[in-house]
Amino acid sequence: MYFYGRVGFPVNYQEAVRCFEEGAKGKEPDSIFHLAICYSNGLGVEKDERKAYQLLHESADLGWQPAINVIIQNKISRP
């Protein structure tokens, strides 16, 4: 909600990161993937490419196809 913004939920990257971190604790691959996007682009957190790649691979390891696609398309190796 906060990442994309919805009616009644304006874009708020800090709140989005908080939600994604909660999902990541439960090993939710979509939350981990979106958290990687936040770290890669510095949205709601300090930009950290290494952490972004780590999270991206974690999401892919859990079978999240969008993460797998990003890794393949961009030839991203493990950090």
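Axes are lines fitted to C-alpha atoms, for helices over the stretch in contact, and angles run from 0 to 180 degrees between N-to-C directions. The model is predicted, so local features need pLDDT of at least 70 and side-chain atom pairs count only at pLDDT 80 or more, while totals for chains, interfaces and linings use all residues. Residues are numbered from 1 along each chain as its sequence is written, and side-chain values use heavy atoms, with hydrogens and water left out.

Me: At what angle do helix α3 and helix α4 pack?
Reply: Helices are DSSP runs of H or I with at least four residues, numbered from the N terminus. Helix α3 covers residues 49–61 and helix α4 residues 65–74, with axes 7 Å apart. The angle between them is about 125°.

Me: Which residues of α3 and α4 make the contact?
Reply: Contact means heavy atoms within 4.5 Å. On α3 the contact is made by L56, H57, S59 and A60, and on α4 by A67, I68, V70 and I71.

Me: Which residue forms a salt bridge with E58?
Reply: A salt bridge is a side-chain nitrogen of Lys or Arg within 4 Å of a carboxyl oxygen of Asp or Glu. The closest N and O atoms of the E58 pair are 3.1 Å apart, and the partner is K27.

Me: How many residues apart in sequence are the parts that R78 and D61 tie together?
Reply: The side chains of R78 and D61 meet in a salt bridge of 2.7 Å, N to O. R78 lies in the segment after α4 and D61 in helix α3, so the parts tied together are 17 residues apart in sequence.

Terms used: Helices (H or I, at least four residues) and strands (E, at least two) are DSSP runs, numbered from the N terminus.
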